[in-house]
Amino acid sequence: TKGMQNHLVVIARNQTGWQNILKMNYIAYEQGSKQVYDRQVGRIDMGVLREHTEGLVVASACLAGIPAWALKTEKFDEAEAHVKEMHNLFGENYFLEVQGVDYYNWLDAEAHTPEVDKEWIEMQAHDQKLVNDRMIELASKMNIPIVATTDMHYVQPEDRKSHLLMLAVQSKTSIDTPAIGRGGR
């Protein structure tokens, strides 16, 4: 949506798809980058995506994806219009995404998570459940397949500290500053 930084999951299903991802990545940093937390973040628009669809599998993404945001804010026509456009572009290679709502698994003894982040986690879990329910309804209505994912940033528990360090460096904060709310898990 205009003025927002929306997320999208793009996966190469073959060599052509990989080449298209590389092209879009180049364009994202060469023409569409934006400074966030004093670092450059690559961005593309729908026009670039439309030109590079071959060989790709696409999912609607997390709560920051266009359909999820539209469903959360009750802009159901916007959600449907976007899903229709994406389905027209990617056909059977487009999926609506639902994610788990057990946000409390983020918290552990090493998280240094203050109460304000627990409130944020509760809000995120509520929003995710709401969006999941609406996403399932939309998928059924529009006959779009669903993919269940997790918004995961590392696989092994021992990688958590490295991930928190990366978040601290890119946001110019301390490693003891909670990463939750900035993509940390």
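**Contacts, bridges and a patch**

Modeller: Residues 24 or more positions apart account for 71% of the contacts in the chain with a separation of 6 or more, a contact being heavy atoms within 4.5 Å. This is a predicted model, where local features need pLDDT of at least 70, side-chain atom pairs count only at pLDDT 80 or more, and totals for chains, interfaces and linings use all residues. Residues are numbered from 1 along each chain as its sequence is written, and side-chain values use heavy atoms, with hydrogens and water left out.

Colleague: Good to know! How many helices and strands does the chain have?

Modeller: There are 6 helices and 6 strands, taken as DSSP runs numbered from the N terminus (helices H or I, at least four residues; strands E, at least two). Their order along the sequence is β-α-β-β-α-β-α-α-β-α-β-α.

Colleague: What makes Glu85 and Arg50 a salt bridge?

Modeller: The rule asks for a side-chain nitrogen of Lys or Arg within 4 Å of a carboxyl oxygen of Asp or Glu. For Glu85 and Arg50 the N to O distance is 2.5 Å, so the pair meets the rule. Glu85 sits in helix 4 (residues 76-90) and Arg50 in helix 2 (residues 46-51), 35 residues apart. By this rule the count comes to 5 salt bridges.

Colleague: And why is Asp127 called buried?

Modeller: Buried means under 20% relative accessible area, exposed over 50%, and partly exposed in between (1.4 Å probe, protein chains only). Asp127 has 8% relative accessibility, so Asp127 counts as buried. Its salt-bridge partner is Lys72, with the closest N and O atoms 3.2 Å apart. Lys72, at 37%, is partly exposed.

Colleague: Lastly, why does Val169 count as exposed?

Modeller: Val169 has 59% relative accessibility, so it counts as exposed. Val169 lies in helix 6 (residues 160-171), and together with Leu165 and Ile175 makes a nonpolar surface patch of about 270 Å². Patches are made of residues with over 30% relative accessible area and no salt bridge; like charges are joined within 9 Å, nonpolar side chains (Val, Leu, Ile, Met, Phe, Trp, Tyr) within 5 Å. The areas come from the Shrake-Rupley method with a 1.4 Å probe; for residues, only the protein chains shown count as cover.
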